[in-house]
Amino acid sequence: MKFLPDQVVARLQTEMQTPDLSGTRYRALKFLGRGGMGAVWLVEDAVLHRNVALKVLSAESSSADLAVRLMLEAIILARLEHPGIVPVHDAGTLPDGRSFYCMKYVEGQTLDQYIHRLGLRQRLQLIQRIAEPLAFAHSRGIIHRDLKPENIMVGAFGEVLIMDWGLAKVMAVSSVAAPARQVSGHGSTRAVQDSAQSGALAAENPTAHGTVFGTPGYMAPEQERGDVNLIDQRTDVFGLGSILQYIMRDKSGAPRGEALSRPLRAIGNKATAAEISARYSSVQELAADLGKYLDDMPVSAYRENLFERTVRLVNRNRVAVVLVLAYLLMRMLFILFSRK
Amino acid sequence: MNKIVLGLVLGGILGILDGLTAWFTPAARSGIVGIVIGSTFKGIIAGVLIGVFARKVNSLSLGIIFGLAVGAFLAWIIAFMQHGYYFQIMLPGAMVGLIVGYATQKYGAPSQPQRA
């Protein structure tokens, strides 16, 4: 028996994964990456003559449930018209039967690639900007549930976009289905179902109780437990808090100098509290506390002592303090000289 | 606090303190009350002028320069009337003007836009 060479096998696998775009307005240009449900391709829209990203279900994981989830992701994205959320242009089924949706092609870097060039202040401001589209999504009853640095894109002009809404939960619609289990790997989401998932997925929201969605390290405790009913916007507060904890570390994983400041640590700890009720009630509240920290104002997450308050006030009013001290020094010198 | 009120209060307080320091100069101690009243009055006038300027011009650097100039000018008038002590009077006066100029621009609340 003769085995095919590895190169040939790899080539065949690539060919298998390449979506059949014949008869569509799209022409495949480049493979961009792989997610939990499928692959993302850079394609050319032949009608509008522009490059767009096409998310297509993987050939091997092309099940009806995943097709529903991919479509749900497209529907959710279509509902969320916000500059910080990647817009969807089209959705449907390809000639090879695989579901797809087409979205804006974002040229840029993921947060984990981009962050290293920034100082801590800019990093914190970035977290505040991530909170804006998230707050918008929450106001529409949608919870992202898979916030991690790899799912945040920073565009060529510094624009921040939240990607991969494949695990998003629609709060307005409740669902009851048989227990299932789905776990994500760190970096890319993978699905492992350890019990037969009920075919009866809720029409719009296929999340079943007992289902574990998310990425270890960024997943809130209620997600890890599969307490779907407990998931609300505070689950995303945990995710954003985990990203905050991530950006407070340097490349080696050690906390950065200023990140050791107690108020900042307290903000991170409050956002990632195991107890849901101990967290910020919304991402806006978390962003507001970060804003206060950046403005040298007291933060809600930390009760400072008299010494810390004095240091903060002096830091905040440095110029005024220097001017008053200079005035007092001048007065003392006058007094000393007038006595001689 | 609005910029004019802040200028008035700060100018007044710094004027009082400025005047009180004359107590440490034995030659001026006998006339301390007059000095404090004059210094407070000067501080209030400087504070109001600087506050009005801060309300019209939103610029930290221009506010500081204007405060410095007003403080120095008012102090010069006092020194001129005293026929001396120019340095001892003008330097603290200019400094008070500078502090009030900075504070009104930095901490004064901007005026509310009027509704039609």
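I began with the side chain of A:Lys55, which makes a polar contact of 3.4 Å with the side chain of A:Asp164; a polar contact here is a pair of N or O atoms within 3.5 Å, where within protein one must be able to donate a hydrogen and the other to accept it, and residues adjacent in sequence count only if both atoms are side-chain atoms. The model is a predicted one, in which local features need pLDDT of at least 70 and side-chain atom pairs count only at pLDDT 80 or more, while totals for chains, interfaces and linings use all residues. Residues are numbered from 1 along each chain as its sequence is written, chains are lettered from A and ligands numbered from 1 in the order in which they are written, and side-chain values use heavy atoms, with hydrogens and water left out.

**Around A:Lys55**

I placed A:Lys55 in strand β3 of chain A, residues 50-57; helices (H or I, at least four residues) and strands (E, at least two) are DSSP runs, numbered from the N terminus. A second polar contact, of 3.2 Å, joins the side chain of A:Lys55 to that of A:Glu73. Is A:Lys55 buried or exposed? A:Lys55 counts as buried because its relative accessibility is 6%, the classes being buried under 20% relative accessible area, exposed over 50% and partly exposed in between (1.4 Å probe, protein chains only). Setting aside neighbours within four places in sequence, I listed the residues in contact with A:Lys55, among them A:Met37, A:Val40, A:Leu70, A:Phe100 and A:Met103; contact means heavy atoms within 4.5 Å.

**Salt bridges**

I then turned to the salt bridges, each defined as a side-chain nitrogen of Lys or Arg within 4 Å of a carboxyl oxygen of Asp or Glu, and the count over all chains comes to twelve. A:Lys55 and A:Asp164 form one of them, at 3.4 Å from N to O. This pair links distant parts of the chain, 109 residues apart, with A:Asp164 in the loop between β9 (160-162) and β10 (169-170) of chain A. A:Asp164 is partly exposed, at a relative accessible area of 22%. I also noted that A:Lys55, A:Glu73 and A:Asp164 are linked in a network of salt bridges.

Between A:Arg98 and A:Asp96 I found another salt bridge, with the closest N and O atoms 3.2 Å apart; A:Arg98 is buried at 6% relative accessibility, whereas A:Asp96 is partly exposed at 33%. A further salt bridge, whose closest N and O atoms are 3.4 Å apart, is that of A:Glu308 with A:Arg262. Here too the pair links distant parts of the chain, from helix α9 (residues 306-316) to helix α7 (residues 262-271) of chain A, 46 residues apart. A:Glu308 counts as buried at 19% relative accessibility, and A:Arg262 as partly exposed at 47%.

**Backbone**

Which residues other than glycine did I note with a positive phi? A:Arg145 has phi near 70° and lies in the loop between β7 (142-143) and β8 (152-155) of chain A, where it is buried at a relative accessible area of 3%. A:His49, also not a glycine, has a positive phi of about 50°; A:His49 is in the loop between β2 (38-45) and β3 of chain A and counts as exposed at 62% relative accessibility.

**Nonpolar cores**

A nonpolar core is a set of buried Ala, Val, Leu, Ile, Met, Phe, Trp, Tyr and Cys residues joined through side-chain atoms within 4.5 Å. The largest has 61 residues, and A:Leu111, A:Leu124, A:Trp165, A:Leu244 and A:Ile247 have the most contacts inside it. Helix α4 (residues 120-139) of chain A supplies the largest share of this core, ten residues. A second, separate core of 16 residues includes A:Met330 together with B:Ala46, B:Leu74 and B:Ile99.

**Interface of chains A and B**

I recorded 13 residues of chain A in contact with 15 residues of chain B. The area buried between the two chains is about 1,300 Å², with 73% of it from carbon and sulfur atoms; buried area is the accessible area (1.4 Å probe) that two parts lose on being put together, summed over both. The count between chain A and chain B is one salt bridge, in which the side chains of A:Arg331 and B:Asp18 meet at 2.3 Å from N to O.
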